[in-house]
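Below is what I looked up, in the order I went.

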Amino acid sequence: MDMSSMHGMGMDSASSPIFRPYNQTLARGYWYIIGGVVAFLLLIRGIEYYQIWARLRRVRTRKSMLYPTKVDDLPMQVFATATAITRELSYPQPHPGGWLSFFRPVSSGRVIVIACYWAIIAYMLTDRVIVNDAYYWERVGFRGAWISVTQVPLVYLLASKSSIIGFIIGTSHERLNWLHRWVSRTLLVSVTVHGFFFMAEWVKADFVALELKMMPVVKYGLVAWGLLVWTFFTSLSPMRRLAYEFFVLQHIVTSAVFLWVLYVHVPSYARYNIWFAIGALLLDRAVRTVLLLIRNIRIRRAKSCGTTQKIGHQVELQASCSEVVVITIKDVHLSWKAGQHMYLWLPRLGPLESHPFTIASPYKKAEECHCNQIQFAVRVQSGFSKRIHRYAMKTRETGNSLTGFIAGPYGTPPSWEAYESLILISASTGASFTMPILESILASRTTICTQRIHFLLAVRKRSHIDFYVQRLNTALSHAEARGIELKVEIAITNDASSFVESEASDKSIDDEKHLQPEHVVGNPGEEEIAEPKQDKEETMIHVDSISASSLTSSRRTAPVVSKCCCDNGEGPSGIESSRQIVYSYQRPDIATFIRGPVEVTGGETSVAVCGGKSLVATVRNSVASLSDERAVHKGTGAQGIHLHVEEYCF
């Protein structure tokens with residue numbers, strides 16, 4: 001039975017020239033705007049690609065050039081100035097403290113995008129409908145229906161992991177997810193407008209019961225609205241944290257049921273929007289399924305890798321401490337970039353769950369084979385991560401090899417080698433994002449723009465850095481060999497005694513340490529170590545010294561450290577560095593840490609941060625304030641400050 005041919009009170013007007021033609025014009029205009037925005041972002045992507053290509057070409061052809069990332073021609077100067085203004089407007093982000101700390105205010109850039117989108121939707125909802133006549137209620141109701149159904153495909157396009165929009169503009173699905181949520185919330189508002197005005201008209205005419213009896217499609221519309229309300233509440237951050245696995249499963253089911261209910265409710269002449277959304281959903285699932293099969297099924301094994309597993313991958317778990325577990329995936333025949341992430345499915349520990357984790361290990365190149373291992377450093381919370389840690393502890397003595405399946409890699413990180421200075425800031429397991437970036441820069445086989453790197457890791461306990469310390473020491477040696485200035489600081493904010501106890505030395509420590517309440521980065525309300533005012537430099541800072549060697553100034557390619565079976569084992573692991581890891585026992589001053597390298601940089605600086613909402617907001621505000629203070633690209637000679645944010649939340 002084609003319910004789209006049934007019309008209730010006033011619904012015949014929907015297909016008449018009174019309402020329908022202009023509503024369809026607005027619907028087309030909506031997609032013209034979306035297409036225009038995507039085309040503009042594609043143009044920006046092209047300009048940025050050219051800028052990166054030009055920088056790397058200059059540094060490789062004119063190796064004596066002092067500042068290869070400095071803007072030196074008028075067209076690119078105009079672009080750089082526009083970019084600097086946009087960054088200063090979009091970077092700031094408020095972060096309330098105290099009992100309001102669970103709120104997650106969006107950055108000012110996202111506020112601007114949301115405001116522009118709302119302005120477009122508000123205009124389309126109200127243009128030529130606010131006329132006080134006999135058709136007022138149903139005219140507004142039909143307008144709300146058209147604007148609502150027109151937004152549905154965009155919601156599903158933005159939710160796709162294999163996003164067409166992301167592919168065009170050069171971004172990945174997790175960086176579009178916030179927009180997916182806000183477009184969905186806007187859809188709920190426009191659907192509410194649609195339903196409210198029709199229901200108000202029926203109430204005025206005392207026609208509600210008869211309408212529901214005569215028009216079954218109305219009931220489907222009410223169900224669709226209820227599903228949107230349910231999705232809105234379950235998608236709020238506190239609700240997601242209560243049971244994330246349940247949220248994911250019900251969200252998938254709800255999104256599929258919503259399309260079916262909407263298909264029944266919407267008239268046939270507007271169903272092309274539903275088919276558009278269904279196509280986006282099916283395409284995403286098809287691409288992800290194909291990639292899943294490619295990543296996890298091997299028809300023949302590589303002789304040099306010695307693997308016998310043709311389906312899935314061997315996965316090993318190691319609990320480095322009570323709060324961190326390291327997941328190692330063996331024999332991964334694929335390439336990835338520093339900063340990307342993958343989805344992991346362990347059927348034994350989560351039959352219906354796959355979770356994203358940042359790849360904590362660098363991609364190790366080889367000439368003939370890629371027998372790489374992928375490692376994830378996972379902070380133990382609840383649910384899946386807790387089950388992983390419990391299983392690792394339980395099978396620590398007997399071995400805990402599992403079969404796992406991976407999907408990805410996902411993410412489109414910037415070209416880190418195209419910046420003169422890199423500032424890498426992370427908290428806890430956020431170093432899984434920044435550490436591979438550092439290693440990839442130092443392992444680059446070509447001449448790069450990077451001259452200095454400042455690395456900051458903030459942790460609560462000494463045990464949280466065990467996975468990274470040896471790699472940082474190796475990185476110091478690599479940097480010295482390449483003539484890259486590398487400074488590494490580790491801030492232990494809540495466990496100073498653990499470092500002192502771990503040092504096997506006869507030196508006595510006479511300074512008394514006191515505890516005072518402070519906000520730990522990413523964990524408000526925790527306590528951290530603070531030192532007495534006297535002899536502050538001696539008591540607050542400990543330098544982990546490594547034996548000296550000469551510093552080379554040339555930008556030569558450092559040998560790659562690799563445990564791949566294809567490697568010959570040679571590398572700079574035996575080279576010692578005169579550089580030092582600095583340990584501090586206080587909350588790091590983020591603004592000061594960023595300011596130092598920026599002020600000595602003659603070209604562009606990139607700041608990359610991975611951590612909780614408090615750390616991310618602090619870095620955002622510090623970068624925006626510093627850029628405004630230095631009047632970047634506004635005639636002062638100060639060069640740009642790029643910011644890349646990876647935020648984790650539980």
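In which strand is P409 found? I looked it up: P409 is found in strand β6. (For me, helices are DSSP runs of H or I with at least four residues and strands are DSSP runs of E with at least two, numbered from the N terminus.) A cis peptide bond joins G408 and P409, with omega about 5 degrees.

**Ground rules**

I'm working on a predicted model, where local features need pLDDT of at least 70, side-chain atom pairs count only at pLDDT 80 or more, and totals for chains, interfaces and linings use all residues. Residues are numbered from 1 along each chain as its sequence is written, and side-chain values use heavy atoms, with hydrogens and water left out.

**The whole chain**

I found 18 helices and 15 strands in the chain. Of its 650 residues, 49% are buried. (Buried means under 20% relative accessible area, exposed means over 50%, and partly exposed is in between, with a 1.4 Å probe and protein chains only.) I also noted that the accessible surface of the chain comes to about 31400 Å², and that carbon and sulfur atoms hold 59% of that. (These areas come from the Shrake-Rupley method with a 1.4 Å probe; for residues, only the protein chains shown count as cover.) Then I checked contacts, meaning heavy atoms within 4.5 Å. Among the chain's contacts with a separation of 6 or more, 77% are between residues 24 or more positions apart.

**The sheet around β6**

Back to β6. I wrote down that six strands form an open sheet in the order β4-β3-β6-β1-β2-β5, with antiparallel pairing. From one strand to the next, the twist averages 40 degrees. (Axes are lines fitted to C-alpha atoms, for helices over the stretch in contact, and angles run from 0 to 180 degrees between N-to-C directions.)

Helix α11 (residues 272–296) packs on the sheet and touches β1 (313–319) and β6. The direction of α11 makes about 125 degrees with that of β6.

How many bridges join β3 to β6? I got four, between β3 (residues 341–345) and β6 (residues 402–410), and the two run antiparallel. H341 stands opposite Y410 in β6. On to β1: three bridges join β1 to β6, again antiparallel, and H313 stands opposite G404 in β6. Eight of the nine residues of β6 are buried, so β6 is largely enclosed by the rest of the structure.

**Two helices crossing**

Next I picked a helix pair. Helix α6 (residues 173–204) and helix α8 (residues 216–234) have axes that come within 10 Å and cross at roughly 145 degrees. The crossing is left-handed. (That means the near helix is turned anticlockwise from the far one by less than a right angle; clockwise would be right-handed.) On the α6 side, the contact includes R185, L187 and W202; on the α8 side, it includes V218, W225 and F232.

**Single residues**

W118 has its place in helix α3 (residues 108–126). W118 counts as partly exposed, at 43% relative accessibility. Leaving aside neighbours within four places in sequence, W118 is in contact with W182 and T186. W182 is 64 residues away along the chain, yet the C-alpha atoms of W118 and W182 are separated by 9.8 Å.

Is L157 buried or exposed? L157 is buried, with a relative accessible area of 9%, and lies in helix α4 (residues 136–159). Beyond neighbours within four places in sequence, the contacts of L157 include W31, F276 and A280. L157 and A280 are 123 residues apart in sequence and 5.9 Å apart in space, C-alpha to C-alpha.

Last, I checked phi. S428 has a positive phi of about 55 degrees although it is not a glycine. S428 lies in the loop between β7 (421–427) and α13 (431–442) and counts as buried at 7% relative accessibility.

Definitions and conventions
Two strands pair if DSSP finds at least two bridges between them.
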